[in-house]
Amino acid sequence: MPLLRASLIVICALFLSACQRTPLPDNKLIYAGYWTADNMVLLITPAGQVEFKHLIGDVNQTIGGPLKEFDGDDIVVGFAFFTSTLHVSEVPHLDGDHWTMTVDGVTLTRQIPEGAVKATRTLKPAEPAQE
């Protein structure tokens, strides 16, 4: 019986460690945000949570879970061997005044939450503090 209990504890610990999400690496933080199109919504948090919904005709495809990894530009969501890949053919980029990216053939636009400050192309360095 103690061996069974120890085995269950090890299995539970392995399962829980596999469920941990991977925070976005610094070079992929540009992916973070709430992205929308007419038939698709994608939320990616800097902490590594991904929520995806795609309406194709009468079928609603939903993927949600921890970020497992990036495979090149593609986003792999899930844990262990339960994963789904979102294929990114155009990485996030500034298109005029809006950030866009193309996922699974659909061009998404990053939505700016109301009250948030909109990012611009160039940032000015901070002024030195006056003493």
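**Exercise 1. Aromatic pairs**

How many aromatic pairs does a search of the whole structure find?

*Solution.* 
Step 1. Take the rule. Rings of Phe, Tyr and Trp (its six-membered ring) pair if their centres lie within 6.5 Å; planes under 30 degrees apart count as stacked, over 60 as edge-to-face, and the rest as tilted.
Step 2. Search the whole structure. Three aromatic pairs are found.
Step 3. Look at F79 and F82. Their ring centres are 5.9 Å apart and their planes stand at 55 degrees, so this pair is tilted.
Step 4. Turn to F81 and F82.
Step 5. F79, F81 and F82 make up one aromatic cluster.

Keep the origin of these values in mind. The model is predicted: local features need pLDDT of at least 70, side-chain atom pairs count only at pLDDT 80 or more, and totals for chains, interfaces and linings use all residues. Residues are numbered from 1 along each chain as its sequence is written, and side-chain values use heavy atoms, with hydrogens and water left out.

**Exercise 2. Cover over the cluster**

Are F79, F81 and F82 buried, partly exposed or exposed?

*Solution.* 
Step 1. Buried means under 20% relative accessible area, exposed means over 50%, and partly exposed lies in between (1.4 Å probe, protein chains only).
Step 2. Read F79. Its relative accessible area is 21%, so F79 is partly exposed.
Step 3. Read F82. At 52%, F82 counts as exposed.
Step 4. Read F81. Its value is 68%, so F81 is exposed.

**Exercise 3. Elements and strand order**

Which pattern does the chain follow along the sequence, and in what order do the strands lie in the sheet?

*Solution.* 
Step 1. Define the elements. Helices (H or I, at least four residues) and strands (E, at least two) are DSSP runs, numbered from the N terminus.
Step 2. Count them. The chain has one helix and nine strands.
Step 3. Write the pattern. It reads α-β-β-β-β-β-β-β-β-β.
Step 4. Define pairing. Two strands pair if DSSP finds at least two bridges between them.
Step 5. Give the order. The nine strands form an open sheet, 6-5-4-3-2-1-9-8-7, with antiparallel pairing.
Step 6. Find the edges. Strand 6 (82-86) and strand 7 (88-95) each have a single partner strand, so one side of each lacks a neighbour in the sheet.

**Exercise 4. Bridges and hairpins**

How many bridges join strand 3 and strand 4, and which residue in the turn has a positive phi?

*Solution.* 
Step 1. Begin with strand 1 (residues 33-37) and strand 2 (residues 40-44). They run antiparallel, joined by five bridges. Here T36 stands opposite V41.
Step 2. Move on to strand 2 and strand 3 (residues 49-56). Five bridges join this antiparallel pair. L43 faces E51 in strand 3.
Step 3. Check their turn. The hairpin has four residues between the strands, and G48 has a positive phi of about 105 degrees.
Step 4. Reach strand 3 and strand 4 (residues 59-71). Eight bridges hold this antiparallel pair. V50 has G65 as its bridge partner in strand 4.
Step 5. Check the turn here. Two residues lie between the strands, and G57 has a positive phi of about 65 degrees.

**Exercise 5. The nonpolar core**

How many residues has the largest nonpolar core?

*Solution.* 
Step 1. Define the core. It is a set of buried Ala, Val, Leu, Ile, Met, Phe, Trp, Tyr and Cys residues joined through side-chain atoms within 4.5 Å.
Step 2. Count. The largest core has 20 residues; L42, I44, V50, I75, L86 and V103 have the most contacts inside it.
Step 3. Name the sources. Among the elements that give two or more residues are strand 2, strand 3 and strand 4.
Step 4. Follow V103. Leaving aside neighbours within four places in sequence, V103 is in contact (heavy atoms within 4.5 Å) with M40, L42, F52, L86, H87, V88 and L108.
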